[in-house]
Amino acid sequence: MARLTVRLSLGLGMVVALSGGGVASAQGVQTAPVVAGAAQDKGVAVVLKQSKVIKDPQGKEQLVEAASVKPGDILEYTATYTNHTGRSVSGLVANLPIPEGLEYLPKTAKPGATLVKAATKEGVFAAEPLTRQVNGKPEPVPYAEYRALRWELGQLPAKGVTAVTARAKVEEVVPPAAPVASAVTAEPAKAVRAAR
């Protein structure tokens with residue numbers, strides 16, 4: 001049996017990185033399924049797909065190609081693992097980072113319950129919802145601060161296929177306000193000019 005840990009990195013575009021080498025990426029917001037070469041070398045292929053979640057006129061959810069995204073869009077990431085070997089792979093672990101600009105949507109990680117753990121940028125994984133101590137009292141961590149999900153998938157049988165999914169919302173981007181000169185800052189400048 002082989003042991004395999006796979007780390008996936010996502011932004012509004014997509015980057016798949018596998019421990020031991022092999023990187024495939026799509027820049028910007030253009031996305032496409034990726035078959036990761038390093039996983040092929042180990043006998044397990046990983047295909048990462050980014051889809052946009054929309055509702056049809058009847059209100060039923062559909063997944064469509066996410067060629068581009070905008071603030072407020074809901075994205076679903078699916079990582080599909082296929083064991084191309086004739087033997088089981090044990091210790092399969094999937095890490096799915098949630099980059100800045102995306103807010104994890106609670107309880108959307110599948111498979112969930114006992115298999116998935118979440119972490120903030122500090123990297124300490126625990127079951128959701130995450131909490132932290134503030135003034136000696138536990139407080140829920142906002143989902144906008146979740147930065148990674150981890151699945152302990154365990155064993156993938158020979159020729160087996162399994163998948164993990166999670167959803168995130170593209171956050172609204174508020175541009176900084178333009179600086180405004182106030183009467184307090186403008187007056188000293190006038191006084192300096194008048195003294196010359």
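Modeller: Gladly! Strands (E, at least two residues) are DSSP runs, numbered from the N terminus. This is a predicted model, where local features need pLDDT of at least 70, side-chain atom pairs count only at pLDDT 80 or more, and totals for chains, interfaces and linings use all residues. Residues are numbered from 1 along each chain as its sequence is written, and side-chain values use heavy atoms, without hydrogens and water.

Colleague: How much space lies in the largest cavity?

Modeller: A cavity is a set of points on a 1 Å grid over the protein atoms alone where a 1.4 Å probe fits but cannot get out. Volume is the space filled by probe spheres set on the points, joined across faces, edges and corners. The structure holds one cavity of 30 Å³ or more. The space in the largest cavity is about 60 Å³.

Colleague: Which strand supplies the largest share of the lining of the largest cavity?

Modeller: Lining residues have an atom within 4 Å of a point, and 11 of them surround this cavity, including Tyr77 and Ala168. At least two lining residues each come from β8 (89-97), β9 (102-104) and β14 (161-170). The largest share, three residues, belongs to β14.

Colleague: Which residue in β14 is the bridge partner of tyrosine 104?

Modeller: Two strands pair if DSSP finds at least two bridges between them. Antiparallel β9 and β14 are joined by three bridges. Within β14, the partner of tyrosine 104 is alanine 168.

How values were computed: 1 Å grid on protein atoms, 1.4 Å probe; cavity = no way out; pocket = protein on both sides within 12 Å on 5 of 7 lines; lining within 4 Å. Helix = DSSP H or I, 4+ residues; strand = E, 2+ residues; numbered from the N terminus.
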